[in-house]
Structure formats: C-alpha cells, structure tokens
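Work through the following exercises with the sequence and the 3D structure side by side, and try each task before reading its solution.

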Amino acid sequence: MMGDVAQILALTGSDRETIQALLGHAARDFRAAGYHVVGVVEEMLPGGTDVLLRDLVSGAQYKLTQDLGPGSAGCSLDPAGLAAACAGVEEAISALDGASAGKGTVVILSKFGRQEAEGRGLTHAFHAAVAAELPILTSVSPVVVAAWEGFAGELSSFAPVEPEAVTGWRERLGGADAVLETEQIPLERRAG
C-alpha cells in the first residue's frame with residue numbers, strides 16, 4: 001500500500017483490446033496530469049495477427065509474435081521480444097533519479113499473464129517497479145488471478161476496466177504536483 005491506496009491497480013474483466021486501449025489512454029492522461037510514465041502497452045497491427053509491446057518512454061516496439069509457419073499449432077509468443085521489452089522497462093526505472101523516482105512517476109505494464117505467472121515475461125519489470133516504490137497500473141488475465149494474488153498480495157487491488165476507476169486511483173495517489181524538475185529531463189540525459 002502507498003498510504004491508503006494500493007501501489008498496484010490491476011484491471012480485469014474485459015477483452016484484451018479494450019484493456020490495452022484503456023492502458024494507452026491512461027498513459028496519455030497520466031502525462032497530461034504531470035506524471036512521468038514508464039512501461040509498455042500492447043498494440044495490435046492491422047490484421048490482428050501481430051502483437052507489439054510499445055515502450056512508453058522510448059517508443060520502441062517489440063514484436064511479441066513469431067511466424068511458426070503454415071499449419072503450426074504451437075504458441076506464437078516470441079520470448080525474445082518480451083524479454084527485450086522487460087529489459088527496456090527495467091532500464092527506464094533504474095535511470096530514474098533515486099530521490100525523485102517515487103514522486104510523479106507511474107509504471108504501466110500491459111499485463112500479468114501466463115508468462116508472468118511462471119516467473120517470465122514482465123516479471124522483472126514488476127519487481128523493479130515495486131522495489132522503486134512506484135505505482136503500477138496493469139491488467140490481470142482471468143486465468144492467472146490466483147497466481148497474481150500470490151505474486152502481488154496486499155500491494156494490489158482489482159478494478160473494472162473503466163476510465164473512472166483509473167482516474168480515481170490516480171487522484172488517490174496524490175497527484176504529480178510533487179514532481180521534481182529532474183524528472184522532466186529526458187532519460188538519455190539523466191543516465192549519463
């Protein structure tokens with residue numbers, strides 16, 4: 001818990017496209033409210049077969065699907081793309097100034113799904129954000145709710161996939177009025 005508000009807001013109860021669209025919208029809203037936004041959201045390419053993770057700091061896109069060839073029935077997840085996206089988020093979190101990291105910064109992580117339930121995927125990004133005491137907005141796949149509860153415990157609360165739920169959580173965080181000027185410096189300049 002961060003004061004009287006959960007450190008992690010976990011959205012659940014809707015389809016993938018609706019959830020990811022809300023997370024993208026939330027990233028824009030947090031920025032408009034003065035927050036520094038770190039993390040990744042999913043984007044579907046036209047045609048609906050390729051899925052990307054877009055880094056909210058660098059804009060880099062990581063392909064999450066791989067072409068396994070015609071007639072393939074295996075999982076099309078590209079673990080290399082997911083690992084690269086996770087590393088980008090971890091790097092962005094570690095580049096934050098230690099004194100200001102928790103003031104006016106939010107981490108948005110596309111989801112906690114099967115990969116994360118097995119300790120892979122974005123797991124290390126979740127750990128880095130919790131260790132830095134940053135608020136986290138994410139989604140949880142219904143099939144891994146029990147694993148999520150074991151992973152996040154009391155740090156998390158569930159919310160419906162509604163803009164008002166995210167806005168209310170953001171307002172309970174206390175706003176970004178305490179954002180220090182150093183947080184407005186681009187990451188590449190701060191890291192050096």
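Of the 192 residues of the chain, 43% count as buried, where buried means under 20% relative accessible area, exposed over 50% and partly exposed in between, with a 1.4 Å probe and protein chains only. The model is predicted, so local features need pLDDT of at least 70 and side-chain atom pairs count only at pLDDT 80 or more, while totals for chains, interfaces and linings use all residues. Residues are numbered from 1 along each chain as its sequence is written, and side-chain values use heavy atoms, with hydrogens and water left out.

**Exercise 1. Describe how helices α2 and α4 meet.**

First, locate α2 at residues 79-94 and α4 at residues 123-131, whose axes come within 8 Å and cross at roughly 15 degrees; the axes are lines fitted to C-alpha atoms, for helices over the stretch in contact, and angles run from 0 to 180 degrees between N-to-C directions. The two helices α2 and α4 are therefore roughly parallel, a term for angles under 35 degrees. Next, list the residues that make the contact (heavy atoms within 4.5 Å): α2 supplies Cys-86, Val-89, Glu-90 and Ile-93, and α4 supplies His-124, Ala-125, Ala-128 and Ala-129. By type, the residues of this contact divide into six nonpolar, one polar and one charged, where Ala, Val, Leu, Ile, Met, Phe, Trp, Tyr, Cys and Pro count as nonpolar, Asp, Glu, Lys and Arg as charged, and the others, Gly among them, as polar.

**Exercise 2. Which residues have the most contacts inside the largest nonpolar core?**

A nonpolar core is a set of buried Ala, Val, Leu, Ile, Met, Phe, Trp, Tyr and Cys residues joined through side-chain atoms within 4.5 Å. The largest one has 28 residues, and Val-107, Leu-109 and Trp-148 have the most contacts inside it. Elements that give two or more residues to this core include β5 (105-112), β6 (136-140) and α5 (145-152), while α2 gives the most, with six residues. Leaving aside neighbours within four places in sequence, Trp-148 is in contact with residues including Ile-8, Phe-112, Phe-126 and Val-140.

**Exercise 3. Is Gln-20 buried or exposed? Compare Lys-63 and Glu-133.**

Gln-20 lies in helix α1 (residues 16-32) and counts as buried at 8% relative accessibility; beyond neighbours within four places in sequence, Gln-20 is in contact with Val-41, Glu-42, Ser-110 and Ser-139. Lys-63, found in strand β4 (residues 61-63), counts as partly exposed at 39% relative accessibility, and, with neighbours within four places again left aside, its contacts are Asp-50, Val-51, Leu-52, Asp-78 and Gly-81. Glu-133 is found in the loop between α4 and β6 and is exposed, with a relative accessible area of 57%. Glu-133 also has a positive phi of about 60 degrees although it is not a glycine.

How values were computed
Helices (H or I, at least four residues) and strands (E, at least two) are DSSP runs, numbered from the N terminus. Angles under 35 degrees count as roughly parallel, over 145 as roughly antiparallel, 65 to 115 as roughly perpendicular and the rest as oblique.
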